[in-house]
Amino acid sequence: MRRRVAVLTAARAALSLANGPCVVVTAKRPPMPQTSVSLLGIPHDANSSFMRGAAEAPALIRQELLSESRHLWTEAGRNLAEEGVLRDLGDLRFESDDQENGGSRGDVQDNGADDWVVIEKAVADAIADGQPLISLGGDHAITHPILRAVRRRHRKLTILHFDAHPDLYEDFGGDPLSHASPFARILERGLASRLVQVGIRTLNVECRRQVETYGVDVIEMRDFAPDRVPIPDAPLYISIDLDGLDPAFAPGVSHHEPGGLSVRELISVLHRVQGPIVGADIVEYNPTRDLNGVTAVVAAKLVKELAALAGRQ
Ligand SMILES: [Mn+2]
């Protein structure tokens, strides 16, 4: 049942009480609140296999997003600067944080900290009111605990995933929580009913076997065209590893893999998404590899275009 909002100003209340029956003035029903999009930094890179640095990303992406060098209008015509549209939840802090080790890998450590539980709980809190969330990594390992929380809220869930790599390794380098393995964990636990991967250009025998095992729809980069990408049904989650882009566009990643997507090609696919998305992440920005901060600007641009999708009614 719709709740009517009654507003009784102090002055009118005083007047009413002085002059007889109390008059309750019913305010005009406020307009439907716009969907707001939450932003959460998850500075975690302890499961990176090659080099660290992605934990430094969220603050730099946010800085570019809010830079005065550009406005917050999206290409689809949404102004993220409007009050209440963007809700910044800040960055997560991990109890296991320490400068030398960069946090625990996500499994329970001697100190009792479990970074995966921290991430899962923060994401669950962020989406508890039904509003979509864009998470800023961190490395790609964080998509697994994020999806644990998102899937609990959405009984059906599909994923559109941009990446140079399929991230389907069973146990990369002995770490089942590796940033090369999140989609193996997600699919083996049934956290998504369909996974579409775009930009892939690193398939080896093991990964091709995993693609078969889990029934993943892979659009390899050699076959890519924006209109060839099947957009999965809603509720849809979008995961963007910035190394899906060509290193010419996004040099600030740990694993340079030439022959990738242009920024425009990736956005063209995003613009084909019809319905609202329930969540998204942008991961693997590694500032230690960036040139003039250009990759942070790309990440900020993608936050804007994702927010336009997430904010649809
Ligand atoms: Mn990747």
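## Buried face of helix α3

In helix α3, the buried residues are Asp115, Trp116, Val118, Ile119, Ala122, Val123 and Ala126; a residue is buried if 20 or more other C-beta atoms, placed from the backbone, lie within 10 Å of its own. Helices are DSSP runs of H or I with at least four residues, strands are runs of E with at least two, and both are numbered from the N terminus. Seen down the axis of α3, these buried residues fall within an arc of 160°, so they line one face of the helix; the arc is that of the directions from the helix axis to the C-beta atoms. An α-helix has 3.6 residues a turn, so residues three or four places apart point the same way.

The cover over this buried set includes β3 (37-42), β4 (86-91), β5 (133-137) and α4. Helix α3 itself has 12 residues and spans 16 Å from its first C-alpha to its last, close to the 16 Å expected at 1.5 Å a residue (1.5 Å times one less than the number of residues).

## Basis of the model

The model is predicted: local features need pLDDT of at least 70 and side-chain atom pairs count only at pLDDT 80 or more, while totals for chains, interfaces and linings use all residues. Residues are numbered from 1 along each chain as its sequence is written.

## Packing of α3 against α4

Helices α3 (residues 115-126) and α4 (residues 143-153) pack at an angle of about 40°, their axes 8 Å apart. Axes are lines fitted to C-alpha atoms over the stretch in contact, and angles run from 0 to 180 degrees between N-to-C directions. From α3, the contact involves Trp116, Ile119, Glu120, Val123 and Ala124; from α4, it involves Pro145, Ile146, Arg148, Ala149, Val150 and Arg152. Contact requires C-beta atoms, placed from the backbone, within 7 Å.

## Loop residues and backbone geometry

The loop between β6 (158-162) and α5 (182-188) holds His165, and Asp167 is placed in the loop between β6 and α5 as well. His165 counts as buried, with 23 C-beta neighbours inside 10 Å. Asp167 is buried with 29 other C-beta atoms within 10 Å, and has a positive phi of about 50° although it is not a glycine.

The bond from Gly137 to Gly138 is cis, with omega near 10°, and Gly138 is in the loop between β5 and α4. The bond from Ala234 to Pro235 is cis, with omega near -5°.

How values were computed
Contact = placed C-beta atoms within 7 Å. Buried ≥ 20, exposed ≤ 12 C-beta atoms within 10 Å, placed from the backbone.
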